Amino acid sequence: MAGVAFSKAIMSAELSNLVGYPAAFLTTIAFVPQAWRSWRTRDLSGISLPMYALFTLGVAFWLAYGILLGSVPIMLGNGITLALASVVLALKIRHSRAG
């Protein structure tokens, strides 16, 4: 009986990773064009500062959640997304102060 439960736990973890890694990759890679465009053009007029600040904070909490769970897909995806979102947020704050 214990062997069956262990086997199901392993399969569940493998299935979670099969879903988690592509999810982390796709949601993270979605930020690359925005971060690149923002960095290159410095045009952040279409970005809402309050929304992006809340989003970045939310991603930081998702990263903390992934760390607490020990979930590599959640940690990787949100760590990279946090870095990209932080760049865009910093540019937006700098742009808001200059304008």
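Visitor: Among contacts between residues at least 6 apart in sequence, what share join residues at least 24 apart?

Guide: A contact here means heavy atoms within 4.5 Å. In this predicted model, 70% of the contacts between residues at least 6 apart in sequence join residues at least 24 apart.

Visitor: Which elements does the protein have, and in what order do they run?

Guide: The protein has four helices and zero strands. Read from the N terminus, its elements follow the order α-α-α-α.

Visitor: How is a pair such as Asn17 and Pro73 to be read, and what separates their C-alpha atoms?

Guide: Asn17 and Pro73 are 56 residues apart along the chain, and 7.0 Å separates their C-alpha atoms. Asn17 has its place in helix α1. Apart from neighbours within four places in sequence, Asn17 is in contact with Pro22 and Pro73. A second pair is Leu26 and Gly77, which lie 51 residues apart along the chain, with C-alpha atoms separated by 8.7 Å. Leu26 also belongs to helix α1.

Visitor: Are Asn17 and Leu26 exposed or partly exposed?

Guide: The class follows from the relative accessible area, with exposed meaning over 50% and buried meaning under 20%. Leu26 has a relative accessible area of 55%, so Leu26 is exposed. Asn17 has a value of 33% and is therefore partly exposed. Across the protein, buried residues make up 25% of the 99 residues.

Visitor: Which residues form the largest nonpolar core?

Guide: To read a core, one looks for buried nonpolar residues joined through their side chains. The largest such core here has 10 residues: Phe31, Ala35, Leu44, Ile47, Tyr52, Leu84, Ala85, Val88, Leu89 and Leu91. Helix α4 provides the largest share of this core, namely five residues. Leaving aside neighbours within four places in sequence, Leu91 is in contact with Ser38, Trp39, Arg42 and Leu44.

Visitor: Where is Arg42 found, and what is its phi?

Guide: Arg42 is found in the loop between α2 (32-41) and α3. The phi of Arg42 is near 60 degrees, a positive value in a residue other than glycine. With a relative accessibility of 38%, Arg42 counts as partly exposed.

Visitor: How many salt bridges does the structure hold?

Guide: The structure holds one salt bridge. Asp43 forms a salt bridge with Arg37, and their closest N and O atoms are 3.8 Å apart. Asp43 counts as partly exposed at 32% relative accessibility, and Arg37 counts as partly exposed at 39%.

Conventions. Residues are numbered from 1 along each chain as its sequence is written. This is a predicted model: local features need pLDDT of at least 70, side-chain atom pairs count only at pLDDT 80 or more; totals for chains, interfaces and linings use all residues. Side-chain values use heavy atoms; hydrogens and water are left out. A nonpolar core is a set of buried Ala, Val, Leu, Ile, Met, Phe, Trp, Tyr and Cys residues joined through side-chain atoms within 4.5 Å. Buried means under 20% relative accessible area, exposed over 50%, partly exposed in between (1.4 Å probe, protein chains only). Helices (H or I, at least four residues) and strands (E, at least two) are DSSP runs, numbered from the N terminus. A salt bridge is a side-chain nitrogen of Lys or Arg within 4 Å of a carboxyl oxygen of Asp or Glu.
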